[in-house]
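Student: I would like to learn how to read a few features of a protein model. Could we go through them one at a time?

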Amino acid sequence: MQATPTPSGAISANASGTTSAQSSSADFSSLPLSPAMLSNLQQLGYQTMTPIQAASLPAALAGNDLIAQAKTGSGKTAAFALTLLARLNPRWFAVQGLVLCPTRELADQVTVEIRRLARAEENIKVVTLCGGVALRGQRASLEHGAHIVVGTPGRIMDHLARGYLTLEGLNTLVLDEADRMLDMGFFDDIATVVKQAPQARQTLLFSATYPEGIDKLARQFMRTPQKITVAAPVAESTIAQRFYQVERSNRLQTVVQLLLHFRPVSTIAFCNTKQQCKDLLTLLQAQGLQALALYGELEQRERDQVLAQFANRSCSVLVATDVASRGLDITQLEAVINVDITPDPEVHVHRIGRTGRAGEAGLALSLASMNEMGAVGKIEQYQNAPSVWYPLTDLTPSSQAALLPPMATLQILGGRKEKIRAGDVLGALTGDEGGPAFTREQIGKIQVTEFCTFVGVTRNVAQMACDKLNVARVKGKSVKVRLL
Ligand code: ADP
Ligand code: MG
């Protein structure tokens, strides 16, 4: 990883990580972090900094305002979380760090990451404040003392207006997924919140893209920010892009053919509209595929459930709009299908950048009809590479077996409110109570949400695991469990 100042004063990092001259600078130990934090990072498996971390952390830890841009999944959360934690005084019970996020999922993900990183320090309280949940409980959490607040602008405004939250002690403000917050029309809400923060503070802005509104935010709320960009040229990645020409009449059926031909374990199918999502979902389910959809207007609980099932690999296809899927942290994704071509080439690159991470090959399949060729042309220009077309006749089923996900999901009706922790569930499944013990390999992701817990288990033992958990006790209490 190399960070070089450019004539404009911006710092750009070479994402391919080929230079060795400064290779030691990718070590977390080159940063002014406590030994406890360094060993925690080791334990978390964070061996070296990602390019955006290496490019932003030295400046951020030195107290500078930053505008940091890098694609989804590049480790931006830890870049600001480590900065927040380094400046925090745990003995002082005041909100010292505030992270504004566009959606509740993102706020939850950020909270989880901050808590993981904060394990090294004594008792640091992180409170999430988002809509869709009663204010009263959140107020109580604040009264118990919070060091860091993570939330959506609207809900934070509510707490500020009611006097439940004050920002007098704030020293670090983070705008995460700033592009997305602008998309969602949060500019004025952000302004309202920021006006209540002290002038003397550090402001960090993170974004996957750099739309015009970012400069406006920077002008109003930041002090001579440094710009840090990590470019990830598509050509250097391991994503195989294939284009297929379709007609309106066979577009959705072609998605099925692609799935049966390539048989990816996890696929996101991007549609331009909610209606297209619904139509595709109906078709996929009718053909026996395990598919779920994510679009606006789903209730929070439904969204949580869909995301949990997709992330733990018990759903083969997630049908989604761009807005709904922004910022999701799905680490293993074999394929992305562009069911519709997006008119915005930046969005296209963003969509396909979700597959082929961490050196694994990814498949990006795009369906285009004649009237989308203009949009395809824009993508070619943007990527500076021609699109490569494949005939639909190539698409033959590569196996007679049904395409089923490797895992299934159990839902325990009880979560953080009941003080259930992932370890308790693991203990119950690997213990002797209620039937034969399961091995660690048969158990996947365990995700505890506020009111329920999702447990991924190998598909062929799912019913047994469900029966066992219904008999065995979790944390000394019996629980209700169902197989989703
Ligand atoms: P972004 O906000 O840029 O979309 P995230 O912060 O959500 O990305 O990080 C993506 C994933 O990478 C997370 O699962 C996170 O735990 C992991 N990660 C972050 N930093 C490192 C690191 N230095 N080494 C290994 N994994 C990391
Ligand atoms: Mg992020």
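Tutor: Start with a polar contact, a pair of N or O atoms within 3.5 Å; within protein, one must be able to donate a hydrogen and the other to accept it, and residues adjacent in sequence count only if both atoms are side-chain atoms. Here a polar side-chain atom of Tyr46 is 2.4 Å from an oxygen atom of ligand 1. A polar side-chain atom of Lys76 lies 2.9 Å from an oxygen atom of ligand 1, and an N or O atom in the side chain of Gln53 is 2.8 Å from a nitrogen atom of the ligand.

Student: How much of the accessible area of ligand 1 does the protein cover?

Tutor: Accessible areas come from the Shrake-Rupley method with a 1.4 Å probe; for residues, only the protein chains shown count as cover. On its own, ligand 1 has 570 Å² of accessible area, and the protein covers 80% of it.

Student: What should I keep in mind about the source of these values?

Tutor: This is a predicted model, where local features need pLDDT of at least 70, side-chain atom pairs count only at pLDDT 80 or more, and totals for chains, interfaces and linings use all residues. Residues are numbered from 1 along each chain as its sequence is written, chains are lettered from A and ligands numbered from 1 in the order written, and side-chain values use heavy atoms, leaving out hydrogens and water.

Student: How many aromatic pairs does the structure hold?

Tutor: Rings of Phe, Tyr and Trp (its six-membered ring) pair if their centres lie within 6.5 Å; planes under 30 degrees apart count as stacked, over 60 as edge-to-face and the rest as tilted. The structure holds four such pairs. In one of them, the ring centres of Phe243 and Trp389 are 5.3 Å apart and the planes are at 45 degrees, so the pair is tilted.
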